[in-house]
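Visitor: I'd like to learn how to read the helices and the pocket in a model like this one. Can you walk me through it?

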Amino acid sequence: ALTNVERLDLDSEQFDVALIAFVLFHLPHPKRCLGEVFRVLRPAGSVGTATWGAERWPDADEIWEEELTRTGAETFRLPATANRSCCDSGPKMRDLLEMAGFTSISTWSETLQHRWPPSDHFEYHVLVSSRSRLESLNSAARAACLVSIRQRLEGCPNEAYVYTGDVIMATARKPA
């Protein structure tokens, strides 16, 4: 069942630990979510968060974008809130947690790197990342687009398939 994380249907002070992973930047009001987590945590309860900081997408993604645009594939706007700037650094997470009433706040970041095998990257775009855009094309245009993408990707070095992202993490406690 879906839950509104800005208004949890839970009794107050019933949990010792809460984890909020990769959610806050999808919310129009992340402070409300943290306030609700504060409410449902017992005194001295802990919260942990993880969110995205800076990201660098694979260079191969740009080829997909260029070819899909050149072919006339539709661009779709996702229904999720795009609020990454609310929590994309340690100081911003510290401020959000302090505003919600948390103390003993610790923040740090870790860099995550993923090296796509070229065939997996292609399959991911076809089946997930670029699927809606590809499906907006008629079958002939879609086939021609995929041929152009394959041709352009053929000479790409392995470094063109590397994703790098900073993960901003924080822990905090509800005062006893």
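**Helix faces and a pocket**

Guide: On α4, the face turned away from the buried side carries the exposed residues Ser119 and Val128. Exposed means over 50% relative accessible area, buried under 20%, and partly exposed in between, with a 1.4 Å probe and protein chains only. Helices are DSSP runs of H or I, at least four residues, numbered from the N terminus. This is a predicted model, where local features need pLDDT of at least 70, side-chain atom pairs count only at pLDDT 80 or more, and totals for chains, interfaces and linings use all residues. Residues are numbered from 1 along each chain as its sequence is written, and side-chain values use heavy atoms, leaving out hydrogens and water.

Visitor: Which residues of α4 are buried?

Guide: His121, Phe122 and His125. They cover an arc of only 100 degrees around the axis, so they sit on the same side of α4; the arc is that of the directions from the helix axis to the C-beta atoms.

Visitor: What do the buried residues of α4 pack against?

Guide: Contact means heavy atoms within 4.5 Å. Here the partners are α2, α5 and α6.

Visitor: And how do I find the largest pocket's centre?

Guide: Rolling a probe the size of a water molecule over the atoms shows where empty space is left. A pocket is an open set of points on a 1 Å grid over the protein atoms alone, where a 1.4 Å probe fits, with protein on both sides within 12 Å along at least five of seven lines; lining residues have an atom within 4 Å of a point. Of the 21 lining residues, Asp61, Tyr124, His125, Ser129 and Ser130 are the closest to the centre of the largest pocket.

How values were computed:
Helices (H or I, at least four residues) and strands (E, at least two) are DSSP runs, numbered from the N terminus.
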